[in-house]
Amino acid sequence: MRFPKLRRVTLYILLIFFAFLFLLPLWTLITTSLKTDEDVIYTTPVEPPLSPTTEPLITAFNLMKRSLLNSFTFTIAAMILSCLLGSINGYILTKIRFRGSNMVFLFFTIGIFIPYQAVLVPLVLTISKLGLYNNIGGLILTHTAYGIPITTLLFRNFYALIPDSVIMAAKTDGAGTWTIYRRIVLPLSLLPFVVAAIFQFTSIWNDFLFGVALARGPGARPASVELANLRGTTAVTWNLLMAGTLWYALPVLVIYFALAKYLMRGYMAGAVKG
Amino acid sequence: MAVKDLNLKINDGEFFVFLGPSGCGKTTTLLCIAGLLKPDKGEVWLGNELVTSAERDIQVPPQKREVAMMFQDYAIYPHMTVLKNIAFPLEVRGEDKSEIAKRVNATANLLGISQLLDRKPRQLSGGQRQRVALGRAIVRKPKVFLLDEPLANLDAKLRVKTRTELKKLQQELGVTTVYVTHDQVEAMTMADKIMVQRDGVAEQIGTPEELYSHPANLFVAGFIGSPEMNFTDCTIIEEGKRLWLDAKEFKIPVPAEVVSKLKSYVGEEVIMGIRPEDLYETKSVEGATLKNAFRMIVDVIEPVGPYLLLHLRKGLLSLVARVKHTRARVGQEVSIGMDRNKIHIFDKKTTKAII
């Protein structure tokens, strides 16, 4: 009996060690954002502040509030649109199969593997031609389009679990394609919607590349780009930068903790049939 | 190809059963009637309306057809209450609210599920779900019911009870019903007419009585009836101006009325079939002649309840006889007779029935 106990203790020590390692950056993020300019110089990043202050947090918030609002606007809009379109695609591809629907799905999945860098120049040109450069609309359009492949895949896998007989029953009951979507498929989609929404929110919110390429101006600039500007031009103000980072990371953390339960269930639903 | 060259007419108000082993194309046929599948060739008429024609490129969508379908897994909408499930076909058709309420209540009363209307499907037992699915099908008063193995997922006792109820319901409503099953007892007990299907081909269409007494071929003969019909190879021989069936272990004269049909088979091998209930133990049947009787050894005795099954053996021949009672013991030799008028003869090559 001694041996398994020893193993358990070792396991816990290892786990605590890795958790500590993993959370260390978060810890320094919080401590540094509460430090005065002097404290940043006199203490190491890991040490707690000597005279804690919320000043960097307030300053950073004032500097970032416009861009945070921008980010919220296009993230939520693109998240909703890409989830809705992904859901409709998934429904059509699994339940209303048409000639060549597998081919279409293949093209969607190819979309997942195209690196963003590869399309950057044509993207910027296209968005400028559409008059959406430096515009929230341009970001909404881009993020929606690039979200569709992954949301389509996710919804398609989920809808494959809905028995075809349910759809056939609705058809003979007198429902057309859209009525079936609205009244049967959509109400059954809470789980994939939560999963896709978390996924989309996180990846759109965290995006830097599209933001910096499409919206440098203050009117539409995302928080991720603004954060990079907080570094300053001459010396890095670490406390301000960390405070900004904290504000920037907060929404994703909140959403993740609030909906983690659904996220796990959603992943499982895709993994195990029935 | 799941179904080929099927030509079928179902009369108004008929209870029509598609019977066959799984994968024989019966569900495919059903889906074609419903409009959920489009055949590569051929036409479907509902009454006087042409609803499917591959040649003329007509395919009326299922929602425009006056057919209601019930699925083997019931396909109840999991997020809706029983009430909403039954009301769904009426709601999507835009019926007005008071009419919907009236008809849903009437349907629920008819099926005895009024007390379940507020429940969600996951709170229901298998039998209750089956009723909800049935309610959803009958609430809109369709011209045709299509039922795809509606009893397959119920336990044995409930299945028998529901079978009777379903038959009664169909008679009351008088709606033309197409019923798919692989269970021959269901088919025999419920159907006005049965189509036996195999590998997409209609083997025989007829009343249960016709299929049982006059199976058109070896497959139908073997598929219908439980326990199965006994089959044995025989040679037709002519001896003393009479035709005989020679099965090596026994030899019986061909009944006079069918001699003409078998004349051309003299010297050839055919397959003889006899149902277990048409075999008897001469000892326990009063006035039975011992003429043409033959002796066999009792291998197994299966008491079923209302009757017994005697598994008999002699050489390579084995037969099952269904008898009311017996004094025989396992291993004993008994004298077996058969009702010669109930003999079926099948052509060995074509497997078609000769008599």
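In this predicted model, B:K241 has a relative accessibility of 84% and therefore counts as exposed, the threshold for that class being over 50%. The residue is found in the loop between β10 and β11 (242-246) of chain B, and its phi is positive, at about 60 degrees, although B:K241 is not a glycine. A second residue with a backbone of this kind is B:D57, a non-glycine residue whose phi is positive and near 55 degrees. B:D57 lies in the loop between β3 (49-53) and β4 (58-59) of chain B, and it too counts as exposed because its relative accessibility is 59%.

Most residues other than glycine have a negative phi, and most peptide bonds are trans. With regard to the peptide bond, B:S226 and B:P227 are joined in the cis form, with omega about -5 degrees; B:P227 is placed in the loop between α8 (218-223) and β10 (230-239) of chain B.

Helix packing was examined for α2 (residues 82-92) and α3 (residues 97-111) of chain B, whose axes come within 10 Å and cross at roughly 130 degrees. The pair is therefore classed as oblique, and the crossing in which α2(B) passes α3(B) is right-handed. On the side of α2(B), the contact is made by B:L83, B:I86, B:A87, B:L90 and B:E91, while α3(B) contributes B:I100, B:R103, B:V104 and B:T107. By residue class, the contact of α2(B) with α3(B) comprises six nonpolar residues, one polar residue and two charged residues.

Definitions and conventions:
Residues numbered from 1 in each chain as written. Chains lettered and ligands numbered in written order. Predicted model: local features only at pLDDT ≥ 70, side-chain atom pairs only at ≥ 80, totals over all residues. Heavy atoms only, no water. Axes fitted to C-alpha atoms, helices over the stretch in contact; angles between N-to-C directions. Helix = DSSP H or I, 4+ residues; strand = E, 2+ residues; numbered from the N terminus. Parallel < 35°, antiparallel > 145°, perpendicular 65-115°, else oblique. Left-handed = near helix turned anticlockwise from the far one by under 90°. Contact = heavy atoms within 4.5 Å. Nonpolar A, V, L, I, M, F, W, Y, C, P; charged D, E, K, R; others polar. Buried < 20%, exposed > 50% of the residue type's maximum accessible area, 1.4 Å probe, protein only.
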